[in-house]
Amino acid sequence: MMSNAQHVPSNGEEPVTILQEILEFLGGVATPDAWLEEALRQQEILLLDHRNLEYKAAQTALSLMGRYLTKTELTARMSRLAREELVHFEQVSKIIRARGIEVRHVSASRYAAGLRALLRGGEVERLVDVLVVGAFIEARSCERFAALVPRLDAELAKFYAGLLESEGRHYRGYLKLAYLYGDAADVDARIEVVRAVERELITLPDEQFRFHSGVPA
């Protein structure tokens, strides 16, 4: 497995390269076929939860900016990320409207809460953990978009394929910030901790179908 130290991409890097890197980061755990089959059956829930996640991603970026305004690299990256996530929110909202799907409340999955339960209490430690968790969320999103693309209708496949580059960039951005503001050995150790929990959340039976849910029970 690759070192946890971030890979620096060359300009014009092919999507397959970032996907290979992401799968290694995720410990080689790909989205189970059972989840993909359920996603095709529940596309309304998939889109509604995706809409929520784009909003929450923007909200998380803005929250980090507000808490760490003196960290210029962080605020610059989070500002760009928040803007991109809001554009994605608008794009998926447009698809939902065009398909005549009623916008309704969709409860959160266990995934983000399960990862955030790992956050430590110290100021530096908590920031490292938030950034590492953010990297995993973005990496899993990218991996799932890629897995869904060949199975979806042309419009949705084109939309999700278009998100791969930004999600991969967000994953790398979070990871870069973790190494910038934390001790490298500690970041490496936290990646291993989060990876183990993320694996369980993705592979264990899950009563609820959501974008980041586990294997349908």
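Trainee: Is Ser213 buried or exposed?
Mentor: Ser213 is buried, because its relative accessible area is 1% and the cut-off for buried is under 20%. Keep in mind that this is a predicted model.
Trainee: Where is Ser213?
Mentor: Ser213 lies in the loop between strand E1 (205–206) and strand E2 (215–216).
Trainee: Which residues does Ser213 touch?
Mentor: Not counting residues up to four places away in sequence, Ser213 touches Trp35, Arg144, Leu201, Ile202, Asp206 and Gln208.
Trainee: And how many residues apart in sequence are Ser213 and Glu24?
Mentor: They are 189 residues apart in sequence, and their C-alpha atoms are 20 Å apart in space.

Trainee: Let's zoom out. How many helices and strands are in the protein chain?
Mentor: Eight helices and two strands. From the N terminus on, the order is α-α-α-α-α-α-α-α-β-β.
Trainee: What radius of gyration does the protein chain have?
Mentor: The value is 17 Å. A compact globule with 217 residues would have a radius of gyration near 17 Å, so the protein chain agrees with that.
Trainee: What box do the C-alpha atoms fill?
Mentor: Roughly 45 × 35 × 30 Å, taken along the principal axes.
Trainee: How many of the residues count as buried?
Mentor: Of the 217 residues, 46%. The accessible surface of the protein chain comes to about 10,300 Å², and 55% of that belongs to carbon and sulfur atoms.
Trainee: What about contacts between residues 24 or more positions apart?
Mentor: Take the contacts with a separation of 6 or more. Residues 24 or more positions apart account for 79% of them.

Trainee: Now the core. Which residues touch the most other members of the largest nonpolar core?
Mentor: Met78, Leu148 and Tyr160, out of 60 residues in that core. The elements that give two or more residues to this core are helix H1 (15–25), helix H2 (33–41), helix H3 (43–67), helix H4 (72–98), helix H5 (110–116), helix H6 (123–148), helix H7 (154–181) and helix H8 (184–203).
Trainee: Which residues is Met78 in contact with?
Mentor: Leaving aside neighbours within four places in sequence, Met78 is in contact with Ala61, Leu64, Met65, Tyr174 and Leu177.

Trainee: Changing topic. Where is Ser141 found?
Mentor: Ser141 is in helix H6. Ser141 counts as buried, because its relative accessibility is 7%.
Trainee: Who is Ser141 in contact with?
Mentor: With Glu167, Phe211 and His212, leaving aside neighbours within four places in sequence.
Trainee: What else is in helix H6?
Mentor: Val124 is one of the residues there. Val124 counts as partly exposed, because its relative accessibility is 49% and exposed means over 50%.
Trainee: How are Val124 and Asp186 separated?
Mentor: They are 62 residues apart along the chain, with C-alpha atoms separated by 11 Å.

Trainee: One more residue. What is the place of Val29?
Mentor: Val29 is in the loop between H1 and H2. With 11% relative accessibility, Val29 counts as buried.
Trainee: Which residues does Val29 touch?
Mentor: Val29 touches Leu23, Arg140, Arg199, Ile202 and Thr203, not counting residues up to four places away in sequence.

Key. Residues are numbered from 1 along each chain as its sequence is written. This is a predicted model: local features need pLDDT of at least 70, side-chain atom pairs count only at pLDDT 80 or more; totals for chains, interfaces and linings use all residues. Side-chain values use heavy atoms; hydrogens and water are left out. A nonpolar core is a set of buried Ala, Val, Leu, Ile, Met, Phe, Trp, Tyr and Cys residues joined through side-chain atoms within 4.5 Å. Buried means under 20% relative accessible area, exposed over 50%, partly exposed in between (1.4 Å probe, protein chains only). Helices (H or I, at least four residues) and strands (E, at least two) are DSSP runs, numbered from the N terminus. Contact means heavy atoms within 4.5 Å. The radius of gyration is taken over C-alpha atoms; the globule rule is 2.2 Å times the number of residues to the power 0.38. Accessible areas come from the Shrake-Rupley method with a 1.4 Å probe; for residues, only the protein chains shown count as cover.
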